[in-house]
Amino acid sequence: MAEYYSDRSKYDVVIGLEVHVEMSTKTKIFCGCSTAFGAEPNTQTCPVCTGMPGVLPVLNEQVVQNAIAAGLATNCEITQNCKFDRKNYFYPDLPKAFQTSQLYLPICRNGWVEINGGNGKKKVRIHQIHMEEDAGKLSHHDNTGETFIDYNRCGVPLMEIVSEPDMTSATEACAYMEALAAIMSYLGVSDCKLEEGSMRGDINVSIKPKGSSVLGTRTETKNLNSFKAITRAIEWEIDRQIDLLENGEKVVQETRRWDDEKGIGYTMRSKENAHDYRYFPEPDLAPMHISDKWIAEVKAKIPELPQQKQARYLNEWQLSEYDAGMIVRSKALALFCEETVALCNEPKEVVNFLMGDGLRLLNENGLDAKDMPFAPKQLSDLVSLVVKGSINKTTAKAVFEKIFRENIDPIEYVKANNLEMVSDEEELVQMVADVIAANPKSVADYKGGKKAALGFLVGQIMRATKGRANAARVNELIREMLQD
Amino acid sequence: MSILKLSVKELRKKITNKEISVPEVVKAQLAHIEKTNPLYNAYHDINKNALLRAETVQKEIEAGTLDSAFAGVPVAVKDNICTTEMTTTCGSKMLTGFHSPYNATVVKRLQKAGAVIMGKANMDEFAMGSTSETCYYGAVKNPWNPEHVSGGSSGGSAVAVASYGAFASLGSDTGGSIRQPAAYCNMTGVKPTYGSVSRFGLVAYGSSLDQIGPIAHNIEDAAAMLAIISGYDDQDSTSLKQGPFDFNDCLKEDLEGKKIGIPMNYLGEGIDPEIKAAIYEAAKKLSELGAECEEFILPMVDYAVPAYYIIASAEASSNLSRFDGIKYGYHPKKFTDLEDLYLTARSEGFGMEVKRRIMLGTFALSSGYYDAYYQKALKVKALIKQAFDGAFAKYDTILSPVAPTVAPKLGESLNNLLQMYLSDIYTVSVNLAGIPAVSLPCGFNKENLPIGMQFLGQALSEKTLVQLAYAYQSITEHHHKKPQLEVL
C-alpha cells in the first residue's frame, strides 16, 4: 500500500475523466489541410481552419467513421441522428471564436470499457463520446512578452470521451486511460501519444465519507498530458480535499490547473466565473443521419481488440494474465508476436524474448514496437534453435541482441560463430573431469557442504566454452561425479 | 451613356454582334460610376482591374471560348461577398481595407461566365439594417430621390443597377435585404430557396437565413444571373445537391390556371394605402393574364418579426465573434491586455446597430434564456414553414407587398428602430421558411417613389416565380421607368 500524505481511511474517492483523443486522420475535420504533427507554424492552414470571414465547414467523413468505430469498440450506442453545436468563447487560439463541437446529440452514448486497476477487473462506464475540432497553439515568449499563434492544430479532429465517475484511484484512472489508448490505437483512430498531445485528460475528483451514497463537490483539473502528471494531480487533489474537510472547510466547485514542474494544483476559475458557452446548433452543418448500413460496415472492419486478444492468449497460448496484458498494450507488439508464433508455434518462448530483452532494447533505443528492427522470421528461427537445444539460454540472449542491433540471421550467425551448444556427453564428461581436477579447493568446499561451490565449478566450464556448454547437463555431471 | 441603360440581354446582343466591345462598355461604365458614386454612394471599392478583365473577356469572346448570358457584362457585388481583387468590408469599420484571401463561389461563377465585376456595393454594416444607413462608409441614397434611403441591407447593390453603375448585381437576403431595396429602387430582385446558391464566401450574418441573389432591371436579367450562380457547391454543406436553375422554358406570358393567394392580413392595418392599391391593381393585371387571384389569411406570420430577430441575432452574435481584433480587421492602437484588446477592438470597430444585435443574440443564447428565446423562435420558424406549406397546397404563389411603405427619408428610420424592425414584416417570414421570392416593381406613389410587390413560392419553385414575374412585366411598364439622375 502506498504512503499517502493524508489519512484516507475515512473517505471514498470518486474520479471521472474527460479524455481528449486527437484523431489520426490525414486531413482536418472541416477542411483539406494536413494534420501531420511538427510542421513549421502556420504552414498547414487555409481560410477555413483559420476562420477567415465567409468560410464554411465541410465535415470530413472519416472523422464520423472513426467516432462510430470508437463508440462500437467501447460498447456505446450510436446516435443515428446527430448534429454539431457551436461552443462560443473568445481566445486567440480559436480564430472563429467558437468551437464546433457536439452538446445536444453526441455521436456515441452509454458505453463502457473494462479496466484492471490493481483490484481486479471492473467496468468504467462511458457517458458519451463526441466529435469536435482542436484549437491552435499559443507560445508565450517570457523575455519579450509576445505571444505567437500557430494555427496548424486548428481543426484537427478530436474525440472527447467522457466517463461516468466510476474510478476510485489514480491507478484506476491511469488504467482507464491506458485501456482507451489501446482500443483507439487498435482501431487506428488515434495514436494516443500523450507526449505529442494527441491524448489529454481532464480529471474530475471528489471525495465523500466512506460508504456515503452522496457525492461530494467535485473539481476539474484540466489538460493533463502524462500518466505521471495524472497520477500526481489526482493524489494532490485528493489530499487537498481531505485537508479542507478535515479542517472544517468546504470543497468549492471549480476548474483547476496542474503545474507538473512545481507539483502543485491551483484554481483557474470558480463556478461563478464559469464560461457561458452559449451552445446552439451549428447552422452551417446539416444534421447527420448515420444509417444502419454504415454502422454495420464500420463494425465489420473493427479488428480484434486488446481484451479479446488477451483472452485468446490466455486460452490458446496459456500465457499468464500479466504477460498477455503486457503484449496487448501495443497492437504492433501483439501483431509481431502473433506473426512469430505462427512461424514457430512457441508462444511462451516468443513472449519471453519480446517482453524481456525486446522491450528493454526498444526502450533503450527509443523505438516503438511498430519500428521493430527485425522480422518475425528471425525471432522464430532463434526460438527454434533454443527449443531444439541447439543453443543455450545465455547464447540465445546474446544472439537476440545481435538480431536486434545488427539484423543478423540467427541460424547463419550461430553456425558461423560456432555457438551451438556442447551437448556431446563425452566432451562434457571430459570437461567436468578437468575442472574437478583443477579446482580441489572448490571440490573440498562442496563436499564440506558449501553448495555454492557447485556454481563456481559450472561457471568455470561455461567460461571455458564461452557459454556454449549445456549448463543443465554440466550441473548434473558435476554432482554425479562428486557424489562418488 | 445610352449603352448603360440597356438590359443585360440587349447589351449581350450588341457585344455578340460586335456593335460594341467589352472594354468600351467597361470604360463607359467606369466613367459613369465616377460621376454618380459621389451622389449615391453605391460603391465602396471600385475594381482597378476591371478594364484589364474586360480586355481578357473580349479576347475570349472573339476566340469563341466564352459564350454566356453575362460574358462582358459589368456587374456589382455586395460588400459582404468575398473577393480577392477588391476589399470586403461588410460596410464596417471593423473590416476597413480587408482583402479576402479567396473568392466566394458566386464570384468565381460570375467570373467564369465572363462578367466584369465593377466594384463592391455598399450595405448596412454586416447586413444589419433596412436602409443602408448603418454603413460605416456613409448612407446609400435613392436615385429616385436622394433625400430618401435606398433600402437595405443590399442598398448599394440595388442603387448600383438603378443608377446605371452596373447591369445587374449580387445582394444577400437574410430578412428581405435583396427584395426591399429592389422595391425601393424599382428593381427586380430574387431571394432564392435556401441552399440553392452557395454561401461559401458570403460573410455570415444569420447563417440559417442568409442567401445570395440577383438584382437587375427586369426578371429576365435577374433569372439569367441566378442561373449562373446557382447549383451545388461542395464547399457549402447546406447547399442543395442539384444543378443550376434553367429558366429558358419559363419565359412565357401565359398564366392560365395559375392560382395566386393574397394574404389579406398583409393588407390590413399599417400598410400605406397607395401600396395596398398597387397590390390590388397588380392582382387585376395578373387576372388578365389568366391567373386566378384569391384572398386568404396566412397564419403565424405575426410572429415572424420577433422570431427572425432572435434567430438572426443569435447566429450573428456567434458569427461576428471572430472579429476580435487579433488576426485581421480593426486592431486598436492601445490596449492593456487580452480582455481589453477584445473590448476595445469590438467597441471601436462595430457600429451601434451591430452591437445592439450582438447583445440581443448573446442574451437570447445565454444559459437560462435559451429555451425561452432561441428554442421558442425555432419552434415559431417551424410553424411558419408549416403555414406556408398549407398555403402552397392551395396556391402556386402568394402575392404580397414587400414593405409597408415606400423608401423613407434618410434619418427617419434610425430614429425609430422598432418601426424599422417592424417594416420587415412582409419579408422575414420567407427567410424563416427558406422559400424563394421575387420582388418586382408594381407602381409609384404620388411622390414618384417606386412601389414593389413580391411573389412567394414553395421551396425550389423559382421557375414558377420567374414565369409569373416575366408574364407580369410583359404587360406592364413600371420596371421600364427610370429615375432622372442628377448627372445625366
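B:Met300 sits in the loop between strand E10 (292–296) and helix H9 (304–319) of chain B; helices (H or I, at least four residues) and strands (E, at least two) are DSSP runs, numbered from the N terminus. Though not a glycine, B:Met300 has a positive phi of about 75°. B:Met300 counts as buried because 20 other C-beta atoms lie within 10 Å; the cut-offs are 20 or more other C-beta atoms within 10 Å of a residue's own for buried, 12 or fewer for exposed and in between for partly exposed, with C-beta atoms placed from the backbone.

The model is predicted: local features need pLDDT of at least 70, side-chain atom pairs count only at pLDDT 80 or more, and totals for chains, interfaces and linings use all residues. Residues are numbered from 1 along each chain as its sequence is written, while chains are lettered from A and ligands numbered from 1 in the order in which they are written.

Chain B as a whole holds 15 helices and 13 strands, and 59% of its 488 residues are buried. Its C-alpha trace spans about 65 × 55 × 45 Å along the principal axes. Another loop of chain B, between strand E5 (145–149) and helix H5 (155–162), carries B:Ser153, which a cis peptide bond with omega of about 10° joins to B:Gly152.

Over in chain A, A:Asn110 lies in strand E6 (residues 108–116) and has a positive phi near 55°, again without being a glycine. With 13 C-beta neighbours inside 10 Å, A:Asn110 is partly exposed. As for H3(A), its buried residues include A:Ala229, A:Ile230 and A:Glu237, and A:Gly248, with a positive phi near 75°, follows the helix.
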